[in-house]
Amino acid sequence: MKPFTFSETLKMNFNSQNASSTRKPKTFNNPERFIEGWYWAMPSQNLRVGKVKAITLLGRKLVIYRGKDKRVTTFDAYCPHMGAHLAEGKVEGNELRCFFHQWKFDDEGFCVDIPCLEEPLPIKLKAWPTAEKYGMIWIWTGEIPLQPLPFIPELEQKECDTAIVSHFVTNCHPNVVIINAIDTQHFHTVHKVPLELIFEKQELNQNAITFSNTTRGHESSFLIKLIRPFYKNALTYSVCYWYGSTSIVTIGPDFLHLHIMFSLRLLEGGKTEGRTLLVTKKRKGIFGWLCNRVVLWLGNILGQEFLKGDAKIFESIQFDLRTPIKVDQPIMQFINHLERQTSLCWGTWLQARSPHEDERRDNRDKWRDVLND
Ligand code: FES
Ligand SMILES: [Fe+2]
């Protein structure tokens, strides 16, 4: 396969104002940035009613607790009085009391009691939108959730059975890990799977994109002959990406789709912490229950297989797509989609500015200084 010429590459997918093959991506594979969105905090079962815990998410220190009403609440970690970590405190009903001087905050973060004062002060903790799905607690990294929790398009309105099967750390950026599922060349070279995949992309919304295989495979291949009775149309292999950090791979015969979710988040220094979740639609009765156990078991094996072959690459890669060829097009489409989303700074969660904007601001400040002199 020949590399694209410069003009072919430009034409291919980089018509947007924000990304071009000649310009380095601002957010993709940037260890200082992530997309505003929903990120997993911890499995739901790790936070019982009345418990409070400290977590660090994307560089920000948080406190998370479950009130009497079973709802989970997340605040910034430090008490606005004198800075004690609120995870040292105590849950009282649906409220949280700081251990140090016993100030109390309700589940919206408002101060409701200061023991040595008659009236509480009008102060409020920073609260973050929190939700639960797939047996996991998720936190939205902005003021108001602008999009839903990651969902599998074909199961959007359906009840699901889920299992959280692994927890892992890799040495490279979540964006680099996650594009593995649409890197068609490596299925042959790393995983030895002789499948010919050609993807069609579809943007579901500003933060979600799917890549679905459109080919039936080589009818002459032994593997394809073996699995053909289970596939009427194209072989099912699709990947749905949310916030550039959660991918859901759907695979399997027409009557039984497996959904494997890899949900990743950025650690310090451009590393990745991830969870693998298996999701299948709820099936009724004892037979349905048994069927789902088998589906989840199969999904687990496949999920491990996905990660195993690539571990070596993730340990040492210095990602730089300098020579894209035609089969790399889905990766470039992914980068393009990512670059159009709102990106935040690791640690502060403030909106990231592009270097271009920084330059403009510096120039403006310079001119203001000159004019004021
Ligand atoms: S530091 Fe929390 S009440 Fe004083
Ligand atoms: Fe892989």
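Is helix 6, residues 329-339, largely enclosed by the rest of the structure or left open, and how many of its 11 residues are buried? I will come back to that in a moment, after a word on what we are looking at.

This is a predicted model, in which local features need a pLDDT of at least 70 and side-chain atom pairs count only at pLDDT 80 or more, while totals for chains, interfaces and linings use all residues. Residues are numbered from 1 along each chain as its sequence is written, and chains are lettered from A, with ligands numbered from 1, in the order in which they are written. The pLDDT, which is the predictor's confidence in each residue on a scale from 0 to 100, averages 86 over the protein, and 83% of the residues score at least 70. Over residues 1-11 the pLDDT stays under 50, and the model has 14 contacts beyond four places in sequence for that stretch, a contact being a pair of residues whose C-beta atoms, placed from the backbone, lie within 7 Å. Residues 13-22 are also below 50, with 18 contacts beyond near neighbours in sequence. Where pLDDT is low, the predicted coordinates should not be read in detail.

Now to the helix. Eight of the 11 residues of helix 6 are buried, so the helix is largely enclosed by the rest of the structure. By buried I mean that 20 or more other C-beta atoms lie within 10 Å of the residue's own, whereas 12 or fewer makes a residue exposed and anything in between partly exposed, again with C-beta atoms placed from the backbone. Among the buried residues of helix 6 are Met-332, Phe-334, Ile-335 and Leu-338, and also Asn-336, His-337 and Glu-339. Helices and strands here are DSSP runs, H or I over at least four residues and E over at least two, numbered from the N terminus, and on that basis the protein comes to seven helices and 20 strands.

What does the helix lie across? Helix 6 lies across strand 14, strand 15 (208-213) and strand 16 (237-242), running at about 15 degrees to strand 14; the axes are lines fitted to C-alpha atoms, for helices over the stretch in contact, and angles run from 0 to 180 degrees between N-to-C directions.

Those strands belong to an open sheet of seven, in the order 13-19-18-17-16-15-14, with antiparallel pairing, where two strands pair if DSSP finds at least two bridges between them. Strand 13 (160-170) and strand 14 (199-205) stand at the edges, each with a single partner strand, so one side of each is left without a neighbour in the sheet. From one strand to the next the twist averages 20 degrees. Five bridges then join strand 15 to strand 16, with Thr-210 opposite Cys-240 and Ile-209 partnered by Tyr-241.

Six of its six residues are buried, so strand 16 is largely enclosed by the rest of the structure. Tyr-237, Val-239 and Tyr-241 point one way from the strand, and Ser-238, Cys-240 and Trp-242 the other way. Six bridges join strand 16 to strand 17, residues 246-251, one bridge partner of Tyr-241 being Ser-247, and in the three-residue hairpin between these strands Tyr-243 takes a positive phi near 55 degrees. Leaving aside neighbours within four places in sequence, Tyr-241 is in contact with Ile-178, Ala-208, Ile-209, Ser-247 and Phe-334, and Phe-334 is one of the buried residues of helix 6.

Tyr-241 also brings us to the core. A nonpolar core is a set of buried Ala, Val, Leu, Ile, Met, Phe, Trp, Tyr and Cys residues joined through C-beta atoms within 7 Å. The largest has 73 residues, of which Val-63, Leu-86, Trp-138, Val-239 and Tyr-241 touch the most other members. Strand 18 (258-267) gives the most to this core, with seven residues. Domain 1 (38-140) and domain 2 (153-319) both give residues to the core, so it lies between them; the domain bounds come from an automatic or database domain assignment.

Notes:
Contact = placed C-beta atoms within 7 Å.
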